Amino acid sequence: MTAALDDLRSGELAECAAHGWAPLQTPRNLLLALTGRVGAVASLVQWETEPGPDTVTAELRDELADCLVYLMALSDALGVDVVGDAVARIRGAVEATG
């Protein structure tokens, strides 16, 4: 997983450099972009009775991928190890119930 996230991070950085977007990669802008993409996901599934694997479209996959990219970029901009923090939270929850 770490290698895949490293690949994602380097690809996102390369795209930003190619388009000159680096100055725009502020925490505020990244948060707004993430919020917009989450809204796009919601709009794609809002009228599904219960979204599931059989309802996943290419558009939904693209929007979910964008959410991950923006979440990773926001976490990096804030200096947060979001994967490490998520693992710690899950382990803490498991330990609390076990």
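This is a quick walk through the salt bridges in this structure. Keep in mind that the model is predicted.

The count comes to three salt bridges. Let me start with arginine 9.

Arginine 9 pairs with aspartate 6, with the closest N and O atoms 3.5 Å apart. Both residues sit in helix α1, which covers residues 2–19. They are three residues apart, about one turn of the helix. How accessible are the partners? Arginine 9 has 28% relative accessibility, so it counts as partly exposed. Aspartate 6 is partly exposed too, at 40%.

Now the second bridge. Arginine 9 also forms a salt bridge with aspartate 76, and here the closest N and O atoms are 2.6 Å apart. Arginine 9 lies in helix α1 and aspartate 76 in helix α3, residues 58–78, so this pair ties together parts that are 67 residues apart in sequence. Aspartate 76 is partly exposed, with 34% relative accessibility.

On to the third bridge. Which residue does glutamate 63 pair with? The partner is arginine 37, and the closest N and O atoms are 2.6 Å apart. This pair links distant parts of the chain: glutamate 63 is in helix α3, arginine 37 in helix α2, residues 27–45, and the two are 26 residues apart.

Is glutamate 63 buried or exposed? Glutamate 63 is at 13% relative accessibility, which is under the 20% cut-off, so it counts as buried. Arginine 37 is partly exposed, with a relative accessible area of 26%.

Last point, on shared partners. Asp6, Arg9 and Asp76 are joined into one network by their salt bridges.

Definitions and conventions:
Residues numbered from 1 in each chain as written. Predicted model: local features only at pLDDT ≥ 70, side-chain atom pairs only at ≥ 80, totals over all residues. Heavy atoms only, no water. Salt bridge = Lys/Arg side-chain N within 4 Å of Asp/Glu carboxyl O. Helix = DSSP H or I, 4+ residues; strand = E, 2+ residues; numbered from the N terminus. Buried < 20%, exposed > 50% of the residue type's maximum accessible area, 1.4 Å probe, protein only.
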